[in-house]
Amino acid sequence: MNMIEFRKVNKVYENETVALRNINLSIEKGEFLFLVGPSGSGKSTFIKLLIKEIPVTSGSIFIAKRNVCNLKNSRIPQLRRNIGCVFQDFKLLPNKTAFENVAFALEVIGKPGYEIRVQVPQVLKLVGLHNKSNSYPHQLSGGEQQRVSIARAFVNRPPILLADEPTGNIDPATSDGIMKILSRINLVGTTVVMATHDRSIVNSMRRRVVELEEGEIIRDQKRGVYGD
Amino acid sequence: MLRPRYFFSETFTSFKRNFLMGFTAITTVAITLFIVGFFAVLVFDIQGIINSIKSQVELAVYLEDNISVELRDYLEGEISSWEETSGIKYVSKEQAFERFKEQNEGSDILKEIQGNPLPASFEITLNDPEKVELVALRFMDKDGAYIGGVDDVVYGQSYVNKLFSITAIIGTVAFLIIILLLLATVVLIFNTIRLSIYARRKEIEVMKLVGASNWFVRIPFLFEGFFEGFLGSTIAVVLLYILGNSLLIRGERVIVDTMRIKELAILGSGHIIIYVYIGIIILGGLLGIISSGIALRRFVKA
């Protein structure tokens, strides 16, 4: 089953920059996909379109068979509850502990307290931070902060996890740990799309690789590598 | 999925966190609404003064000294029968002189007066002060001379008119000031709330990222706006009560003394003032909510 499908998607920004050009792409349920390419090739635009942070210029995007392009604004929160997001800059709230940051994601979607108290420790354990749940972001290393943000993205068990340069601010040794967690999340059936230009990670994982250049797909390879 | 406890705690923790910002907003609301309230009370007061002056407009008809009792009685009956007349009082020469002596007690003027130069008079009160000129004309014949027995008719028209126009101007100016101040309040609260939203934009970003509904993001800010407006306006009312009250009452005394107005709807005695206070508090809360609603529109697209 196609979890994500792009049909003839074009994205032109207001300043007339063409970010994506005629994108056709299907991503299956449970797939792990690397989106690679140089800065400005359209990777971030791809992710932003998926969570409807920005609208498409033309074409359509289907998520779980539903066209999200004509989704009403009031339905966007519902869409985002089904897509976990991880970013290069973590986007953690500095005045909340690791536990609170993860719990926040459940609070704002109206989960009751007892569910929060069960689910948050579980997911913190999954990312290996169960003994740091009371630490504030500034007390954690970059890698640990990113693991908190993955925990937050995954605590709601969304079918899709998007990661935009999740290892961009992290050293290679720590990045391996992050990739292990993402693999584990993928193993339980979550569709993972990761934008990156980290050559060694892509080469070591041997997953599907889609390469973008100036807004166009120039390569789509099963069990691919970063390229030359 | 309404969770009041979450919203309350979110409102107050955010207020604690952005204390300076909230403090600024509350102070702003308090000061502007205090001034608004001050002028509102003033306008109501002036209205009260105008009304009481209007009800006190009198016409004094001075009688000739040699008027016969029959003519006097006839005039009294005639005047009483007019529909404009709400009251008529005969003041004899003696009563007039007594009154004069009372008003000028201890003054040298009394020593210089020989006999009783004051005329007897009818003091007429009207139910519609606007008709004063019309009534006065009835004491004249076609040639403009006073009818028999009447020496003079005095109603201080120019004085009353001047007073009316002055109070009307004060009322209009105060009203304009109120409108301007309200606008200023909206802009100031709006800006303060916008700053506090801006300070929390990261939080909003994360909320939207994890799929919080728009109302979920908005409600704490609306609460905050309401809370700040409500607290500010309550402070304004307390200030008004303490400071404004004593000032206005003193001011009223001055007006009462200089204009020789007998009874006034003295401030604080009427329940209008309570309505002004309640109005200000409601206004403060509403201003807070509305301003944060407008300020939120840019950050939380519906």
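In the predicted model, helix 3 of chain A meets helix 4 of chain A through A:Phe99, A:Val102, A:Ala103, A:Leu106 and A:Glu107 on the side of helix 3, and through A:Ile116, A:Gln119, A:Val120, A:Pro121, A:Val123 and A:Leu124 on the side of helix 4. By class, nine of the residues in this contact are nonpolar, one is polar and one is charged. Two packed helices are described by the angle between their axes and the distance between the axes. Helix 3 of chain A spans residues 98-107 and helix 4 of chain A spans residues 113-126; their axes come within 10 Å and cross at roughly 130°. Helix 3 of chain A is therefore oblique to helix 4 of chain A. The crossing of these two helices is right-handed.

Chain A also contains a hairpin, formed by strand 1 and strand 2 with five residues between the strands. Strand 1 covers residues 2-12 and strand 2 covers residues 18-28, and the two pair in the antiparallel sense over seven bridges. Within this pairing, A:Lys11 stands opposite A:Leu20 of strand 2. In the hairpin, A:Glu16 takes a positive phi near 70°.

Chain B comprises 10 helices and four strands. Read from the N terminus, its elements follow the order α-α-β-α-β-α-α-β-α-β-α-α-α-α. Of the 302 residues in chain B, 40% are buried. Among the contacts in chain B with a separation of 6 or more, 81% are between residues 24 or more positions apart.

Methods: Residues numbered from 1 in each chain as written. Chains lettered and ligands numbered in written order. Predicted model: local features only at pLDDT ≥ 70, side-chain atom pairs only at ≥ 80, totals over all residues. Heavy atoms only, no water. Pairing = 2+ DSSP bridges. Axes fitted to C-alpha atoms, helices over the stretch in contact; angles between N-to-C directions. Parallel < 35°, antiparallel > 145°, perpendicular 65-115°, else oblique. Left-handed = near helix turned anticlockwise from the far one by under 90°. Contact = heavy atoms within 4.5 Å. Nonpolar A, V, L, I, M, F, W, Y, C, P; charged D, E, K, R; others polar. Buried < 20%, exposed > 50% of the residue type's maximum accessible area, 1.4 Å probe, protein only.
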